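Thanks for coming, everyone. Let me put the model up on the screen.

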Amino acid sequence: MLVKTTRAKCVFELMDGEEISTPCWVNPIIPRQGKVILGSYAKAGKTACMLSIIRALVTGENLFNCPRYTIPEPANVLIFEQELGEAGFQRRIKKVFHGISRRKSVKYLSRDSDVSFSDHKGIEL
């Protein structure tokens, strides 16, 4: 006799169960095990948004000064900037990172030809 088992579970059991926490970089919108993709038209503010997220991660301040978007703990950040170049990137970071302690760890690579997101080959940083 063939006994079938199913991996499907009852949605109501999940709903009634204990809350399952998801560790986040930014509660509740950026999970640690997830990926963030910002997409929009040119000049829509993608870089400004990304730099605001980085500022919050580095300082531990709420994202966009919104009490809903908390940072559980400050983090070190490495920025891969492949579009603006150093001059454009410098102009942007001066606006966003003004007043942040210089002891915070924010590093960047700008237009580094060894960085490629289209394959699994890594680089030594």
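First, the ground rules. This is a predicted model, where local features need pLDDT of at least 70 and side-chain atom pairs count only at pLDDT 80 or more, while totals for chains, interfaces and linings use all residues. Residues are numbered from 1 along each chain as its sequence is written, and side-chain values use heavy atoms, with hydrogens and water left out.

Start with Glu 81. It sits in strand 3, residues 77-81; strands are DSSP runs of E, at least two residues, and helices are runs of H or I, at least four, numbered from the N terminus. Glu 81 is buried, meaning under 20% relative accessible area with a 1.4 Å probe, protein chains only.

What does Glu 81 have instead? A polar side-chain atom of Glu 81 lies 3.0 Å from the backbone nitrogen of Gly 85.

Now Ser 110. This residue is in strand 4, residues 106-110. Ser 110 counts as buried because its relative accessibility is 18%. Leaving aside neighbours within four places in sequence, Ser 110 is in contact (heavy atoms within 4.5 Å) with Glu 81, Gln 82, Gly 85 and Glu 86.

Last, the largest pocket. Its volume is about 1,500 Å³. Of its 36 lining residues, the closest to the centre are Val 36, Leu 38, Met 50, Ile 54 and Phe 80. Helix 2 gives the largest share of that lining, eight residues.

Conventions:
Buried < 20%, exposed > 50% of the residue type's maximum accessible area, 1.4 Å probe, protein only. Lys, Arg positive; Asp, Glu negative; His and termini not counted. Salt bridge = Lys/Arg side-chain N within 4 Å of Asp/Glu carboxyl O. Polar contact = N/O pair within 3.5 Å; in protein donor to acceptor, adjacent residues only side chain to side chain. 1 Å grid on protein atoms, 1.4 Å probe; cavity = no way out; pocket = protein on both sides within 12 Å on 5 of 7 lines; lining within 4 Å. Points joined across faces, edges and corners; volume = space filled by probe spheres on them.
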